[in-house]
Every structure is written in C-alpha cells, then in structure tokens.
Amino acid sequence: MLRMDDSEDEEKERNLGKPEGTKKGKQRVKMEGEASSLREKMEQMMKAREELTRKTLETKILITEKKKEVKLAQVEAKREEAKRKADLEERMTKMKEAKVWKELMVEEKEHMIMSKKDMDKEQLQWWKDYKEDIAERKRIFRGASSTLRGDTPMSGGGDGSVDDSNGGA
C-alpha cells in the first residue's frame, strides 16, 4: 500500500532514477531563469551600493579637504592679522619714540641757547651739568647708532659734543 504522508525527500528518493517530465522540466527552466534574474538584480544592487558607498566616501574626503583648506585659510588670516597688528604697534611705538626724541631735542636746544648772563652760580652749575648730560646722551646714542647704523634721531652726525657759544661765562 502506498503511504499518503510521503514527504518530499522520500518522493525524491522514489523518483531518483526516473526521467524528468515536461512539466517539471519547464518548471526547472523557469526557476533557473528566475534565479539567474534574481542573481543579476542582486549583483546590480551590490554594484550600485558599492558605487554609492564609493561616491559617499569621495564626497566625505572632499568635504574634509575643503574643511582643512578653510581652516588653513582661517589660521593664515589670523596670522596675517596678528602680523599687521604687530607692525602697526611697532610703527606707533616708533612714532611715539620719535615724538619723545623730538621733544627732548627741542628741550635740549632751548637749554643750549639759554642766556647765561643773568644766571647765578647755582643756575650756571645746573646749566653746565645739564649740558654734560646732553653731551653724554649724544655719545651713548652715537655709539649705539653706529651699531644700529643710524636708526635713532640722535645720530645726526658731528662729534657728539656741544659748543658753548657764549664763551663759558
């Protein structure tokens, strides 16, 4: 007697040596075609996914490079700004220094052309001491300016001494 609850495995074993029928052959060809089609679609999907991943990575790399360029540009801009500020501060310092030197030179000139006729001994001694201070400052700056090659306003030539045009009375 035939059993009614034959499983698929048992059926395959029973039909192992038999030739395939037309219906089963068509079904097998159809299944192989569908499987092939599914494999091709799967390969296309995998290729599309790989392409998308590659493009995403390329985009990320480009974005990272652009960020680096922007960051470098910002750093360079900050460096340039700091350099400009330092240069401006240096120029301002030099201008202030020149102004101070100009005022000092005016004061020294006024001192040197001061009339000594009406001075008592203390005033005359103060005048001479101040004159020596002026001469000493000029000697110091002449020595410093020879090293710096003329960067100070006091290096205006001459021997650094001050003439007593009033005869030293």
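E136 pairs with R139 in a salt bridge whose closest N and O atoms are 3.2 Å apart. The model is a predicted one. Both E136 and R139 belong to helix 3, which covers residues 121-148, and they are separated by three residues, about one turn of the helix. E136 has 38% relative accessibility and therefore counts as partly exposed. R139, at 35% relative accessibility, is likewise classed as partly exposed.

An α-helix has 3.6 residues a turn, so residues three or four places apart point the same way. Side chains of opposite charge can pair when their charged atoms come close.

The structure holds 10 salt bridges. Three of them are set out below.

| Salt bridge | N to O distance | Location |
|---|---|---|
| E136 and R139 | 3.2 Å | helix 3 |
| R79 and E76 | 3.0 Å | helix 2 |
| E81 and R84 | 2.4 Å | helix 2 |

Helix 2 runs over residues 22-112 and contains 91 residues. From first C-alpha to last, helix 2 reaches 132 Å, close to the 135 Å expected at 1.5 Å a residue.

Within helix 2, R79 and E76 are three residues apart, about one turn of the helix, and their side chains meet in a salt bridge with an N to O distance of 3.0 Å. E76 counts as partly exposed because its relative accessibility is 35%, a value between the limits of 20% and 50%. E81 and R84, also in helix 2, are again three residues apart, about one turn of the helix. The salt bridge between the side chains of E81 and R84 has an N to O distance of 2.4 Å. Here E81 is partly exposed at 32% relative accessibility, and R84 is partly exposed with a relative accessible area of 49%.

Salt bridges also link E51, R54, K55 and E58 in a network.

M45 is placed in helix 2. With a relative accessible area of 55%, M45 is exposed, because exposed means over 50%.

Which residues of helix 2 are buried? They are G25, W101, E108, H111 and M112. For these residues, buried means under 20% relative accessible area. Helix 2 thus carries the buried M112 as well as the exposed M45.

Notes. Residues are numbered from 1 along each chain as its sequence is written. This is a predicted model: local features need pLDDT of at least 70, side-chain atom pairs count only at pLDDT 80 or more; totals for chains, interfaces and linings use all residues. Side-chain values use heavy atoms; hydrogens and water are left out. Helices (H or I, at least four residues) and strands (E, at least two) are DSSP runs, numbered from the N terminus. The expected span of a helix is 1.5 Å times one less than its number of residues. Buried means under 20% relative accessible area, exposed over 50%, partly exposed in between (1.4 Å probe, protein chains only). A salt bridge is a side-chain nitrogen of Lys or Arg within 4 Å of a carboxyl oxygen of Asp or Glu.
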